[in-house]
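Trainee: I have a new structure open and would like to learn how to read it. Could you walk me through a few features?

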Amino acid sequence: MRDPKDSLCFALDVSSAAEAEAQVRQLAPYVGLFKVGLQLFIREGPMLIRSLQESGAARIFLDLKLLDIPRTVRQARIAAGKMAVDFLSVHCEGLIHPPGPADLEQEKSLPRFLAVTLLTSLDETDLRRLGYRRNLSLLDVVYLRTDIAKEAGCAGVVCSGREVEAVRNRAGKGFLVVTPGIRPSWAPVSGDDQRRTLTAREAVRAGADILVVGRPIRKAPDPVEAARRILEEIEQGCRDRFGP
């Protein structure tokens, strides 16, 4: 069984490099992947990535959710490669035209793409407001975007816990399923904007490979203890999924 730490991604949703570096130093023994999002990256810039690595971050997920024409997205990926990040997120609209053989060969040395299926803040009602036809369900959209991600050569997709099992069955082995919106039963989040959530154990049991956790750890009275508890849930989920 894989080390549960490899499945835990902590979201560095803070406003300064100093805060992020302190959290990395505190949580690096328990967290295998640290996520840098828009707020922090825009404020601190590319130099932040080096400082986080020096603070102990073994792997980094740069979660910028790129959305542009495919050529621009590929150029942004090349630029991200100079920062030695492990993963880079992209919306599927930027992948709709698959790369050619030459692009695929070059991309082997670049950060691996994780494609966003649907933001976890959305539900079926939001799809209607966004103009999706009424006979297209939320899961239908996730399926379509998973297929696009696989065709484009992505390492995996980001989807809510509620779609994990379906995506795992559709995508098969060797394709990462990354799940944000993890909400432990023992760590309620006030004013939560995540609508499609699961516990860590439920998500891993359903087929998630990497769990993105932010507020349940960051807002805990003891972040280290919260991370340990989530690792225990990940281990339980692995036993449920793969056996002892």
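This is a predicted model: local features need pLDDT of at least 70, side-chain atom pairs count only at pLDDT 80 or more; totals for chains, interfaces and linings use all residues.

Trainee: Thanks! Let me start with one side chain: is Phe61 buried or exposed?

Mentor: A residue counts as buried when its relative accessible area is under 20%. Phe61 has a relative accessible area of 3%, so Phe61 is buried. Phe87 is buried too, with a relative accessible area of 1%.

Trainee: How many aromatic pairs are there?

Mentor: The count is two aromatic pairs. In one of them, the ring centres of Phe10 and Phe34 are 6.4 Å apart and the planes stand at 85°, so this pair is edge-to-face. Phe10 belongs to strand β1 (residues 8–11) and Phe34 to strand β2 (residues 33–36), so the pair ties together parts that are 24 residues apart in sequence. Both Phe10 and Phe34 are buried. Phe61 and Phe87 also form an edge-to-face aromatic pair, with 6.5 Å from centre to centre and 85° between the planes. That pair links distant parts of the chain, since Phe61 is in strand β3 (residues 60–66) and Phe87 in strand β4, 26 residues apart.

Trainee: Rings can also meet charges, I think. Over which ring does the charged end of Arg170 sit?

Mentor: The charged end of Arg170 sits over the ring of Tyr143, 4.3 Å from its centre.

Trainee: Let's turn to strands. In which sense do β4 and β5 pair?

Mentor: A general idea to carry with you: in a regular strand the side chains alternate between the two faces of the sheet. Here, strand β4 (residues 87–91) pairs with β5 in the parallel sense, over five bridges. To find your place along that pairing, look for Val90, which stands opposite Ala115 in β5. β5 also pairs in the parallel sense with strand β6 (residues 156–158), over three bridges. There, Leu114 has Gly156 in β6 as its bridge partner.

Trainee: Why is β5 described as largely enclosed by the rest of the structure?

Mentor: Strand β5 covers residues 112–116, and four of its five residues are buried, so β5 is largely enclosed by the rest of the structure.

Trainee: Now a helix, please. Which residues of α3 are buried?

Mentor: The general idea is that an α-helix has 3.6 residues a turn, so residues three or four places apart point the same way. In helix α3 (residues 47–55), the buried residues are Leu48, Ile49, Ser51, Leu52 and Ser55. Looking down the axis of α3, you find these buried residues within an arc of 165°, so they line one face of the helix. On the other side of α3, Met47, Arg50 and Glu54 are exposed. The cover over the buried residues of α3 includes α1 (17–27), β2, α2 (38–44) and β3. After α3 comes Gly56, with a positive phi near 125°.

Trainee: What about residues other than glycine: what is phi for Ala84?

Mentor: Phi of Ala84 is near 60°, a positive value in a residue other than glycine. You will find Ala84 in the loop between α4 (70–81) and β4. At 48% relative accessibility, Ala84 counts as partly exposed. Lys65 is not a glycine either, and has a positive phi of about 50°. Lys65 is found in strand β3, and at 29% relative accessibility it counts as partly exposed.

Trainee: How many disulfides does a search of the whole structure find?

Mentor: The search finds zero disulfides. Cys9 is in none, and the nearest cysteine sulfur, that of Cys159, is 14 Å away. Cys9 is buried, with a relative accessible area of 0%. For Cys238, the closest cysteine sulfur is that of Cys9, 16 Å from its own, which is too far for a bond. Cys238 counts as buried as well, at 3% relative accessibility.

Notes:
Residues are numbered from 1 along each chain as its sequence is written. Side-chain values use heavy atoms; hydrogens and water are left out. Buried means under 20% relative accessible area, exposed over 50%, partly exposed in between (1.4 Å probe, protein chains only). Helices (H or I, at least four residues) and strands (E, at least two) are DSSP runs, numbered from the N terminus. Two strands pair if DSSP finds at least two bridges between them. Rings of Phe, Tyr and Trp (its six-membered ring) pair if their centres lie within 6.5 Å; planes under 30 degrees apart count as stacked, over 60 as edge-to-face and the rest as tilted. A charge sits over a ring if NZ of Lys or CZ of Arg is within 6 Å of the ring centre and within 35 degrees of the ring normal. A disulfide is a pair of cysteine sulfur atoms within 2.5 Å. The arc is that of the directions from the helix axis to the C-beta atoms. Contact means heavy atoms within 4.5 Å.
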